Amino acid sequence: MRIKMFATFITTLLLVALALSVSAATADQQSGTWKMNSTKSKYSPGPAPKSITVTIDSDADNVKLSSEGIDAAGNPTHVAYTAKYDGKDYPITGVPNADTVALKRIDDRTTQSTVKQAGQVVMTVTSVVSKNGKTRTSTFKGKDAQGQDVNNVVVYDKQ
């Protein structure tokens, strides 16, 4: 009787561990709603936007991103795309000097987005989620719509 109870307990424990590992594998660190922390972010050139909230729904292969904000002049902004982590170009909307984005996963907490206009790279964005999962830091390097060099570090807090 004790052996059967012990075997049942061990089997249940293994099934729970397997379910948790599968769940962890399909969950993505980038997913969630992220709000810009303006005091920790640095914009070059400025001025910084008044607000940005990024919503990401992703898994190991696919990403749906939507960004809503208010720019420095008080105008609303909206950026959106649906893509895969396969390095291929996918349509992006809301970026004045870009029409596609290509994504690749560097590791479980880091992704790289290559933003292009007519096939030419205009911006590279590397996004890293902190080990505790509460902060996402995106480094933007490239050119803006006016041709100015961009070197922005935007820190987001998980909501």
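1. Q30 is buried, with a relative accessible area of 1%; buried means under 20% relative accessible area, exposed over 50% and partly exposed in between, for a 1.4 Å probe and protein chains only. The model is predicted, so local features need pLDDT of at least 70 and side-chain atom pairs count only at pLDDT 80 or more, while totals for chains, interfaces and linings use all residues. Residues are numbered from 1 along each chain as its sequence is written, and side-chain values use heavy atoms, with hydrogens and water left out.

2. Q30 belongs to the loop between α1 (2-26) and β1 (32-36). Helices (H or I, at least four residues) and strands (E, at least two) are DSSP runs numbered from the N terminus.

3. The side chains of Q30 and R136 form a polar contact of 2.7 Å. A polar atom of the Q30 side chain also lies 3.5 Å from the backbone oxygen of S127. A polar contact is a pair of N or O atoms within 3.5 Å; within protein, one must be able to donate a hydrogen and the other to accept it, and residues adjacent in sequence count only if both atoms are side-chain atoms.

4. Two cis peptide bonds deserve attention. One joins S44 and P45, with omega about 5°; the other runs from G46 to P47, with omega near -5°. P45 is in the loop between β1 and β2, and P47 lies in the loop between β1 and β2 as well.

5. A118, in the loop between β7 (110-117) and β8, has a positive phi near 50° although it is not glycine. A118 is exposed, with a relative accessible area of 62%.
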